[in-house]
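Hi everyone, thanks for making time this morning.

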Amino acid sequence: MNDPVPALAAPDYFLPGTIAEASDLLTRYDSRARLLAGGQTLIPELYRSDGAVDALIDLRRIAELGRIEWYAGHVEIGAMVTIAAARTELARSFPVVATCLGHVANSAVRNRATLGGSLALADPASEISTFLLAYDARIILAGGELCPVDRLLAGRGDAPPFIRAIRLPFPAAQERSGFAEILRRRSGGRSLAMALARLGAGGARLTVSGGICQPFRIEATDGPALLVALAARSPTFDAPSTRSWVLAAARRAIMMAQDATC
């Protein structure tokens, strides 16, 4: 008879009402506490982990983390805003977001998973990371510090940060954009590659992700020049097949941007 799987020890559970309370709890438990947002990634991760955490700090009562606030030149999305809500609310200023975030898992996950929680725990093949990097997002941490999203992505091995909000500058009025993703299976599965293209009067930008590499950006004069620049980045990818998938996704994203209305 197989030995029963040992049950994880139940961690202390907290439901703070303010960012300050949550920050104090994180300090008290040091590296043995985890922030609980939507839980779609964290809970399965805890069951796969060899060691349980000592405390779970549930952020759902902190009202300011669930707000979307519009300003003259940017929008700030609270860390507890769900992916589904962000997809709906941001569409008026970022038309590509409906397609991009629509590729995240499925509707059940999108209605529970949060933008901040997903960003803090996301793997390299992440639609959220690719979208935020493409639009020069800056992460507002709990203490008010601003962190460029590429710096946060580069520190993936560190403890997940306490994200308060995500700041996104608005794109130019005449910009066109397109997103494409290639999956292992037709009806879902692991992402092989994804690309987000932004085409404007001042130039073009392509943000891609594939395999185990973190998303990265390329800038050029136009769509064809983006593809030339991407082909030159072959050493970035972990395998020739990854390079092929990324190039295919990039071509499709650029074509969609060229066909899009402003």
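Let's start with the second largest pocket, which 27 residues line. Leu35, Ala120, Leu121, Pro160 and Pro161 are the ones that lie nearest its centre. A pocket here is an open set of points on a 1 Å grid over the protein atoms alone, where a 1.4 Å probe fits, with protein on both sides within 12 Å along at least five of seven lines; lining residues have an atom within 4 Å of a point. Two elements give two or more residues to this lining: strand E2 (33-36) and helix H6 (115-121). H6 gives the most, with five residues. Helices (H or I, at least four residues) and strands (E, at least two) are DSSP runs, numbered from the N terminus.

Before I go on, a word on the source: this is a predicted model, so local features need pLDDT of at least 70 and side-chain atom pairs count only at pLDDT 80 or more, while totals for chains, interfaces and linings use all residues. Residues are numbered from 1 along each chain as its sequence is written, and side-chain values use heavy atoms, with hydrogens and water left out.

Now to the inside. The largest nonpolar core has 35 residues. By that I mean a set of buried Ala, Val, Leu, Ile, Met, Phe, Trp, Tyr and Cys residues joined through side-chain atoms within 4.5 Å, where buried is under 20% relative accessible area with a 1.4 Å probe, protein chains only. Among the residues with the most contacts inside this core are Leu90, Phe131 and Leu132. Helix H7 (127-134) is one of the contributing elements, and its five residues are the largest share.

Who are the neighbours of Leu90? Leaving aside residues up to four places away in sequence, Leu90 touches Trp70, Val75, Ile77, Val97, Phe131 and Leu168, a contact being heavy atoms within 4.5 Å.

Next, Leu132, which sits in helix H7. Is Leu132 buried or exposed? Leu132 counts as buried because its relative accessibility is 0%. Leu132 and Leu119 are 13 residues apart in sequence and 9.2 Å apart in space, C-alpha to C-alpha.

Finally, the whole protein: ten helices and twelve strands, with buried residues making up 43% of the 262 residues.

How values were computed. Buried < 20%, exposed > 50% of the residue type's maximum accessible area, 1.4 Å probe, protein only.
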